[in-house]
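Please open the structure in your viewer and keep the selection tool at hand. We will go from whole chains to single residues, one selection at a time.

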Amino acid sequence: MGAILRKAFPGLILLTLVLFPLVGDRFYIQFASKILLMIIFVSSLNLLVGFTGLVSLGHAAFFGFSGYVLALLSPPDSAMNFFIALLASILTVGALGAIFGALVLRTKGIFFIMSTLALGEMLFYFLHDTNLAGGSDGMYINTRPNLSFFDWWQLDLANVVHFYYLVLILVCAVLLVIRKIIYSPFGRVLAGIRINEHRTKALGYNTYKFKLVCFVIASMIAAISGFLAAVQFGVVNPEMVGWHVSGHALMMVILGGKGTLLGPVLGTTALMLVEEGFQMVTKHWQLLTGGVIVLVALFFPNGLVGLKFLKKRP
Amino acid sequence: MRAVIEAVALTKKFSGLTAVSGVSLSCQRGMIHAVIGPNGAGKSTLINLLSGELRPTEGKIVVDGMTVTGFGPTKMSLLGVGRSYQRTNIYPSLSVLENCNIAVQSRLDISMRFLGALNSYPDVEVGSKRVMERLQIDTLGHKKASELSHGEQRQVEIALALATEPKVLLLDEPLAGMGAEESSKIVELLLEIRSDFAVILVEHDMDAVFALADKLTVMLNGEVIESGKPDVVRSSYRVQEAYLGEGIDE
């Protein structure tokens, strides 16, 4: 029975998610999209933190900057082509990731954390204090990108159901790609770096190069998520690149279970639901959320993945 | 026959302390060159210099006729200098097979591939199986390295070095902490595979050293006090004095 459940579990979840917009109301569909796009971001951070052992506190730089790329590219009164805009965001953020990564990966441990934090905050103040991209108010994206396949089929991204399905497809795609990566030869080297970087170097791997490539991949996946967030809300602001967003995501990684594929899914969903739930009940919701996190940390030191039957670590 | 690896007047100073002082040695394919000496003689520092983990203060290192002084451990490994560590340095949370896979994969030029699963590259597992059989740990393939006995972990340690198919094998106390039976297994293995490598062996187990070594270098306080064929070294007055005077720690 357990084995059957285990096999069927992802399928059941997916089926529920596919059917959800048929029954859910507008607010909840929007909220679900928010969770799903956050799962993409948290999974990209998990690639660094959980699979490679690189704890970054500046990952939001890539999330927020991707939204800014879209905002800057979008003409004021017409729509941008979705695919071109997404590709541009991913590539621009990938380049930014390469620059940031090349710098921060020269450090280790606590210094790595501090330098990712520093670079992220530099980007925050750059966007906040200059008028290149709307300053502290951020920028609006007046017309959402146009997603059509050769004019015969078009998604309306302002429609919450259409947007929901788009995000759902992208979450599945991203999770599949990450799964591919961690079981690939490249992913095995990342595991080697996480567990014993010293030996991995001695076996002939240029670990800096591997970490840099991983850093760029993670930034590009974060870009997908930031792009979607910008599309959903039609606005970007400097807070999106700030350390609060990075820290929040890091909390989700740890809450769910770092170094597992499922961890970010569970961690993101749980934390966002808990926060939303407490916000409805009390204005002291952060106190209660903190309590939940402490309890999870106490009883499930490996995160929420320790709570159930799906547990696998390559 | 030309030396595969050669050290010329290697010196390593750590802020005031000279750990290795003007040490020269060389090793050819098919030869086992043992380095012995009391604790603190600078044997491990010498291995760390030869493997690129430490940068020599003076002197040079030549591998296959190429000067490689100052190269890091990654480059040295790719040039064919493999090593094992005195303190077991493996991947404890991975299985024995996965440990070997990482080492084998380093020679296959597939490590930047993201999308095919590792097991779609059969060469990796074939290589791992071969090296596991050599060390007689093939039955342990699916056991987690951290759950192995000390002796078995030492075998994985050597397996990782062998799996990179080196020309030079630097073994830093491969028998450390092994029981008599396990030790003799490793000695047998080294006798079996010696023809393929130039081996530089640091070891305290004198029975093993005299069973294996073609050439012996004795170090004391960072310097070479004697070097030559084992029986010549054994009868050397300076060596006897060093060992009897300082006492053998193990």
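What radius of gyration would a compact globule of 314 residues have, and what value does chain A have? For 314 residues a compact globule would have a radius of gyration near 20 Å, and chain A, with 19 Å, agrees with that. Keep in mind throughout the tour that this is a predicted model.

**Chain A as a whole**

Buried residues make up 46% of the 314 residues in chain A, and among the contacts with a separation of 6 or more, 76% are between residues 24 or more positions apart.

**Two helices in chain A**

Next, select residues 160-183 of chain A, which form helix α6, together with residues 207-233 of chain A, which form helix α8. The two helices pack at an angle of about 175°, and their axes are 12 Å apart. Angles over 145 degrees count as roughly antiparallel, and α6(A) and α8(A) are therefore roughly antiparallel to each other. Now show the side chains where the two helices meet: on the α6(A) side you will find Phe163(A), Val167(A), Leu170(A) and Val174(A), and on the α8(A) side Ile221(A), Ile224(A), Leu228(A) and Gln232(A). By class, the residues of this contact between α6(A) and α8(A) are seven nonpolar, one polar and no charged.

**Where the chains touch**

Bring chain B back into view and look at the contact between the chains, to which chain B gives 28 residues and chain A gives 19 residues. On the side of chain B that touches chain A, the elements that give two or more residues are α2 (73-78) and α3 (96-105) of chain B. If you colour that side of chain B by class, it shows 15 nonpolar, 11 polar and two charged residues.

**Chain B as a whole**

**An open sheet in chain B**

Now select the four strands of chain B that form an open sheet in the order β2-β1-β4-β5, with antiparallel pairing. At the edges are β2 (17-27) and β5 (66-67) of chain B, each of which pairs on one side only.

Start with β1 (residues 5-14) of chain B, which seven bridges join to β2(B) in the antiparallel sense; in this pairing, Lys12(B) has Val20(B) as its bridge partner in β2(B). The hairpin of β1(B) and β2(B) has two residues between the strands, and Gly16(B) takes a positive phi near 105° there.

Moving across the sheet, you will see that β1(B) and β4(B) pair antiparallel over five bridges, and that Thr11(B) stands opposite Glu58(B) in β4(B). Strand β4 (residues 58-63) of chain B is in turn joined to β5(B) by two bridges, with Val63(B) opposite Met66(B) in β5(B).

Select Glu173(B) next, in the loop between β7 (168-172) and α6 (180-193) of chain B. Glu173(B) also has a positive phi of about 50° without being a glycine, but it is buried, with 21 other C-beta atoms within 10 Å.

Finish at Asp138(B), in the loop between α4 (122-134) and α5 (150-163) of chain B. This residue is partly exposed, with 16 other C-beta atoms within 10 Å. Leaving aside residues up to four places away in sequence, Asp138(B) touches Lys129(B), Met132(B) and Glu133(B). Draw a distance from its C-alpha atom to that of Arg238(B), 100 residues apart from Asp138(B) along the chain, and the separation is 45 Å.

Notes:
Residues numbered from 1 in each chain as written. Chains lettered and ligands numbered in written order. Predicted model: local features only at pLDDT ≥ 70, side-chain atom pairs only at ≥ 80, totals over all residues. Axes fitted to C-alpha atoms, helices over the stretch in contact; angles between N-to-C directions. Parallel < 35°, antiparallel > 145°, perpendicular 65-115°, else oblique. Contact = placed C-beta atoms within 7 Å. Nonpolar A, V, L, I, M, F, W, Y, C, P; charged D, E, K, R; others polar. Pairing = 2+ DSSP bridges. Buried ≥ 20, exposed ≤ 12 C-beta atoms within 10 Å, placed from the backbone. Rg over C-alpha atoms; globule rule 2.2 N^0.38 Å.
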